[in-house]
Structures are given as C-alpha cells and as structure tokens.
Amino acid sequence: MSTPRATAGAPQSGVPAASDNAVATVALAVLGIFVTYVPITSVSVALTTIGHATGASTSALQWVSDAYVIPMAAAVLSAGVFGDIYGRRRVYLLGMLLTILGGLTAASSSAGLDDHALQLLWAGQVIAGVGAGLLIPTTLALIAQAVPDVRARGRFIGLWSMGLVAGLALGPIFSGTVLEVADWPWIYAPSTALAVLATLVALRLLPESAPVEGRRLDWPGQLSATLAIACSIFGIIEGGEKGWGSAEAVAGLAIGAVAFVVFLVVERRSDAPLMDLAIFRSPAFSASGFAGLVAMFSIVGGMFLLSLFLGYVQGLDALQIGLRLLFATGLGVLVGPLAARLMQHVKSLHVLTLGLLSSAAGLVALTSITAETGVWDLGWRLALFGFGNTTMMTAVTTAAISSAPIRMAGMAVAVNTALRQYGAALGPAILGVVFSHRLAGGASAEEAFGAALVTNVMVLLLAALVCGYVARHEEHPSLSR
C-alpha cells in the first residue's frame, strides 16, 4: 500500500493535493513537541511531593529531572539522521512508543516501595527522555516535509514553538490537578495518554518520508557524546552531594572530559559527523549555541529551584505551584509572536540579548521573595522571568540557523538543540549543588535559594555580554554560504 508524500513535487498554486495530509502532519508535529515538553515542568512541580513520599535528598531529586533531559540531549544529535535513513514516520512512532513505555515505567513507582520507587522513576524518565530526544528534531523535519514552501513554513514553525511553550505552561497544571486526587506516580498519566493518542493518529494519517541518500549514522560520535554528557552531569551532582574529591565525582568528571575530547577527535576525522566543527567558525553561531545552553540552564534550573522553594518554604501543593508558575510559562503564548515579529526588524542576536537580560532581571527580582511573599507580588517577578525566557527561546533557533551556512542548516538546528538540552541538564545539577551547599553551610532556605538564583543571573549576564558583543561586531557568518 503506497503512502502519500507531502514532499513530492514542487509547490503549486492553489490548494495542494496533499493538503489534508499536510494539516495532519503539522498537527502531529505540534502535538509531538507538546508531549515532549509537558514532563519537564509537570515533574518539577511534583518534586516536593516526591521528596516527602520517598525521603529523597536534593541530589536524588536532581536526578529525577536530569534522568529525562540527559538522554533527551544525547538522542537529539542522531535523531535527524535516523529520520533521514529510516523514515520520519517510523522515528516519530518510536519516540511516542518510548514516551508511553517511560510513562508507564515511572507510573509503576509507588511510595509504598521505598527502596525501588526512585529507581523505577529514574528508569522511566530515561526511557521517556530518549523518546523525547527522537521527537524534537523529527517534529521539525515533519513540518519541513509537509510544507515545502520555505516562506509559508515560518508560521507553522511558530505553531510548533507555541506547542513547546504550551507544554511547559500546562505541565504544572496537569501535574497539580492529578495530585489533588491521586498519588504522585499518576502525574505521568496525561502525557502518556496524549502519546497514545498521537500514536494512533500517526498510524492512520502520518505519511512516510523517502530515505535521504548518502546519510549514515556516526556511532562513535553518538556514543562518545552520550558518555560525555551523562558522566559530566553525574560528576557535578555527586560532587555536590559527596564532595568534589569523592571517587564518584572525580571519576564522573574525568570520564566526561576524556569522552568529550574523544568526541572532538572523532568528529574532526569523520566523513559524516554529527557535529561538523567547522560550523563554530561563525562567531554568531557559537554565541547562539552558548546562549541556547544558558537559556535552558536558566529555565529548567530556575523552575527546579522555584518548585522546591514554593513547596518546601511556602508550603504550597503542586497545583498551587503550577498556577503560580503560569505567570512565567503562560506569558509565552503572548510574547512568542511579538518576539518573532520583532526579529523581522532587529537582528535575532539582539533579540536574544534582550531575552537574556530580561530573564536575569526577573531572577534578580525573585531573590528577595520569602515565605510570606503573596501571589501577586510573586507574579510580576515570575512574569518578567517568563518574558525573558520566551524571548530567548523564540530567538535562539532563528539566530542559529541564520548564522550558519545554508548547507549546514539542519546540522545547525540539531547542534543548537543538543546544546540547549545539555543546558537543561546542567541547570538542576549546578543550581541544585549551590542550593544544597548553602543549606549544609547553615544558610536559611531563603538565603540558599537567593544564592542559587544569583549564580543563574551571572551565567545569563555572561551570555548576554557574548551575544551583544558578537551582534555588534559580526556582520556576516565566517563560513561561505
């Protein structure tokens, strides 16, 4: 049985013959990215509940977040190649099936199984994280497949971005609502149910893509990158928990560093690299990559800290936390289109710098909140943070693509996405270490929270300085288009 191809033929005037399939493909792509980002914030607001139920330490809770985003970051690098070789429909379905399996594994956790609840939760997060990593570039590729006209594609990518932001915004609401009536393992029910729905619809309506000639997997690069990402995060978390001279911390950081060097050597010698290092000759691309890493470091790390603070210090339940975080995440639905329109008149790196500075200002404002801070006093601070977050995320992909050669556009997106997800893994790890160290040193929860936020602010300001400098001095990409 033949399947319709959204990419077949040149764009024609009027309504194309495959328009129904194109609509279904775009809808599934938006649903896919929504399902991918819901777990990030839905789990964050449940951390206090999970900690109370299992007795988990701060480092164990850091692993709840990082067990999802580490494999997510690693899988992103090869997901696009998988789609080109084996077909994007197959990779989309595989990503959804892993999301379902991961959700079911995590949901099998129970507060009554104290010795195994966290292990099952971590395992479920890892499985779902691999699925998420497969889905991120695949959903973007599906939009390119369904909408061949580059000019028309922009607004559909805008829908994709809104799906991402909506996932971050609604994740806490889903989680908080579930925790009002059920135990914490059930927070995975909404994303798992949506993944089942997406799988059933995709089986019926999603067309397969044709294989791309000449593409092959870079297994040495993929394995060394995965080892570098996982071991470096492990070393940071264990260093904060057991001391930087502990065997676990030293081994994790050392193996991570060696694996990173191996990755660079492998990529330099490969004739089909995951990451062509020549792409970093463009200062604008390097700046946007660093900013992307910092953006997700700030967003995921900041949400991690806020969830702990609002849960442990203010004593709020998950739904109350989720409703408050809407001041930050919900603003994205309004800000995203405005930021996209602004980039039609202003360099994307300038818009990215604005986002970095706005996020930093929001975090500075949040350093003064206490156990008694009311919802509206907290709300305007979160809104400023959220304005910066959405501006950063809207601008960073555009900045990466526009600063890379056209022939490297796909790789530019993959590399920038991988850097962002690595930042998402680093955020809870590093900021959690700062928070734990200050608490262990006798600081109050408010003081420890403020110190961790200041660390976040300094990283954002450094990225803003880099982007502002490059935007001012970089007129053209260094590589030939």
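Hi everyone, this is a short walk through one protein model, from the whole chain down to a few residues.

A word on the basis: this is a predicted model, where local features need pLDDT of at least 70 and side-chain atom pairs count only at pLDDT 80 or more, while totals for chains, interfaces and linings use all residues. Residues are numbered from 1 along each chain as its sequence is written, and side-chain values use heavy atoms, with hydrogens and water left out.

Let's start with the overall picture. The protein has 16 helices and zero strands; both are DSSP runs numbered from the N terminus, with helices being H or I of at least four residues and strands E of at least two. Of the 481 residues, 57% are buried. Here buried means under 20% relative accessible area, exposed means over 50%, and partly exposed is in between, using a 1.4 Å probe and protein chains only. The exposed surface comes to about 19400 Å², with carbon and sulfur atoms supplying 66% of it; the areas come from the Shrake-Rupley method with a 1.4 Å probe, and for residues only the protein chains shown count as cover. Among contacts between residues at least 6 apart in sequence, 83% join residues at least 24 apart, where contact means heavy atoms within 4.5 Å.

Now to the inside. In soluble globular proteins, nonpolar side chains tend to be buried together. The largest nonpolar core in this model has 134 residues, and those with the most contacts inside it are Tyr37, Tyr92, Leu352, Leu356 and Leu366. Helix H10, residues 283-313, gives the most to this core, with 18 residues. By nonpolar core I mean a set of buried Ala, Val, Leu, Ile, Met, Phe, Trp, Tyr and Cys residues joined through side-chain atoms within 4.5 Å. So what does Tyr37 touch, not counting residues up to four places away in sequence? The list is Met72, Ile136, Leu164, Gly167, Leu168, Met296 and Gln421.

Next, a helix pair. The axes of H11 (residues 318-329) and H14 (residues 375-402) come within 6 Å and cross at roughly 40°. Axes are lines fitted to C-alpha atoms, for helices over the stretch in contact, and angles run from 0 to 180 degrees between N-to-C directions. H11 and H14 are therefore oblique to each other: angles under 35 degrees count as roughly parallel, over 145 as roughly antiparallel, 65 to 115 as roughly perpendicular, and the rest as oblique. On the H11 side, the residues are Arg324, Leu325, Phe327 and Ala328, and they meet H14 residues including Trp376, Leu382 and Gly386.

Finally, some individual residues. Is Asp218 buried or exposed? At 6% relative accessibility, Asp218 is buried, although it sits in the loop between helix H7 (189-205) and helix H8 (219-242). Leaving aside neighbours within four places in sequence, Asp218 contacts Val266, Glu267, Ser270, Ala272, Pro273 and Leu274. Asp218 and Ala272 are 54 residues apart in sequence and 6.6 Å apart in space, C-alpha to C-alpha.

Arg268, in helix H9 (residues 247-269), is exposed, with a relative accessible area of 68%. Leu334, in helix H12 (residues 332-342), is exposed too, at 61%. Asn21, in helix H1 (residues 19-44), counts as buried at 19%.
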